[in-house]
Amino acid sequence: MNAMGIIFANDGTIGALTEKRTMASLPFGGRYRQVDFALSNLSAAGIRHVGIITRHSYQSLMNHIGSGEEWGMELEEGGLEFLTPYAMSRTDNYRGKLESLYTAMNFLEYGDEDEYVFMIDSAVLSNIDLQCVLSSHIESGCDITVVTKAGIANGTKQLDLALKLDENGKICDMAVDYVAPADYVASMDIFVLSKKWLVRQVKEHIAHNLYHMDRDLVLGLWQKGQATVNVYQFKGEAMFNESVEEYFQNSLALTDKKIRYDLFHYNHPVYTRVRDRVPSFYGDRCQIKDCIVADGCMLGGEASNCILFRQVTLYPGADIQDCIIMNDCVIGEGAQLKNVILDKDVVVRPGARLMGTPSNPVIVKRGEIV
């Protein structure tokens, strides 16, 4: 495929979970990071020229991706590259994706073999066939293709980019940062554009003090009649992890076999960094029901509808329900947790009791003792 990929690692934040890490490096599903989905989708489409634009807190992301071997990519010029434009930028303020692209222009213009560019955000997870998306883009003859998902707009969720389609699937309305009603479709923050067209537009927009991808490039040019926009309607599972509540509910939804299969296996496998551990140990009296359990866990208590990452220790008598427990957490004897997210390396003392709600789970920061 004669295309390259751009992954935005920092766009979006969900409170304490992204204080010291990017959205791209946020753990998900027991073994994965959110960036794994974008990298796996690009890799499955044969795209090896990939840039990851990241502004801050990217050490854990770099550690996770390493050389890129797990995704069939190589960390080198012309292959997989980390782009930290704000180390070279004239301003410390982030003003939008177009400025990110402008400050990473050397990467964008590298080589002549790439005719198209995929731009992907890290907050929306899917298992999508990007070859089908590119075919749709080429066939449409449009300047921009936006990948969308129906069923996300509900009259309460604010969408970065919302589109209303007519009976022929053509755009009849478009809005940015809009609490759209249910008859709109939501952008999945996946765009396909011609590289030459994108480079030209980025330079033009920056010269006119315009920095936002959705508002200035897509919506702005469409409203002026200066760009045509094609819509690719994705039918598979798409998880919008744009808030703590969404991240929490989408994580627990993985205990549903159908959702799990659609997200991880439908088009191609989702790859992640290999971290071999011993198999999890289940004690004689433990009761584990409807949970996803990674390797290396020591389980002696009770868990129901939980996501347990690697090397979690659950002591006998502990009872956890509807929880996300990240790597290397220890939950003491007799502790009770419900609707809780434990970041890495948290220790819960014996007998402790933490209770949240599905819409407002309790979050314990990395390394804390409670």
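**Exercise 1. The whole chain**

What percentage of the 370 residues in the chain do buried residues make up? State also whether the overall dimensions of this predicted model agree with those of a compact globule.

*Solution.* 
- Step 1. Of the 370 residues, 55% are buried. A residue counts as buried when its relative accessible area is under 20%.
- Step 2. For a chain with 370 residues, a compact globule would have a radius of gyration near 21 Å. The chain has 21 Å, so the two agree.
- Step 3. The C-alpha trace spans about 65 × 45 × 35 Å along the principal axes of the chain.
- Step 4. Take the contacts with a separation of 6 or more: residues 24 or more positions apart account for 57% of them.
- Step 5. The secondary structure consists of nine helices and 26 strands.

**Exercise 2. The surroundings of helix H8**

Which residues of helix H8 (residues 244–253) are buried, and which strands do they pack against?

*Solution.* 
- Step 1. The buried residues are Glu 246, Tyr 247, Phe 248, Asn 250, Ser 251 and Leu 252.
- Step 2. These buried residues of H8 pack against strands E2 (27–28), E13 (238–240), E19 (307–308), E21 (319–325) and E23 (336–342).

**Exercise 3. Asn 230**

Decide whether Asn 230 is buried or exposed, then find the side chains with which its own side chain makes polar contacts.

*Solution.* 
- Step 1. Asn 230 is part of strand E12 (residues 229–233).
- Step 2. Its relative accessibility is 12%, so Asn 230 counts as buried.
- Step 3. The side chain of Asn 230 has a polar contact of 3.2 Å with that of Ser 136, and one of 3.0 Å with that of Thr 145.
- Step 4. Leave aside neighbours within four places in sequence. Asn 230 is then in contact with Ser 136, His 137, Ser 140, Cys 142, Ile 144, Thr 145 and Val 146.

**Exercise 4. Gly 51**

Where does Gly 51 lie, and which residues does Gly 51 touch, not counting residues up to four places away in sequence?

*Solution.* 
- Step 1. Gly 51 belongs to strand E4 (residues 50–53).
- Step 2. Gly 51 is buried, because its relative accessible area is 0%.
- Step 3. With those sequence neighbours not counted, Gly 51 touches Gly 5, Ile 6, Ile 7, Glu 81, Leu 83 and Phe 107.
- Step 4. Asp 189 is 138 residues from Gly 51 along the chain, while their C-alpha atoms are separated by 16 Å.

**Exercise 5. Positive phi values**

Give the phi value and the place of Asn 305 and of Gln 311.

*Solution.* 
- Step 1. Asn 305 has a phi near 55°, a positive value in a residue other than glycine. Asn 305 is in the loop between strand E18 (302–304) and E19.
- Step 2. Gln 311, also not a glycine, has a positive phi near 55°. The loop that holds Gln 311 runs between E19 and strand E20 (313–314).
- Step 3. At 30% relative accessibility, Gln 311 counts as partly exposed.

Conventions. Residues numbered from 1 in each chain as written. Predicted model: local features only at pLDDT ≥ 70, side-chain atom pairs only at ≥ 80, totals over all residues. Heavy atoms only, no water. Buried < 20%, exposed > 50% of the residue type's maximum accessible area, 1.4 Å probe, protein only. Helix = DSSP H or I, 4+ residues; strand = E, 2+ residues; numbered from the N terminus. Contact = heavy atoms within 4.5 Å. Polar contact = N/O pair within 3.5 Å; in protein donor to acceptor, adjacent residues only side chain to side chain. Rg over C-alpha atoms; globule rule 2.2 N^0.38 Å.
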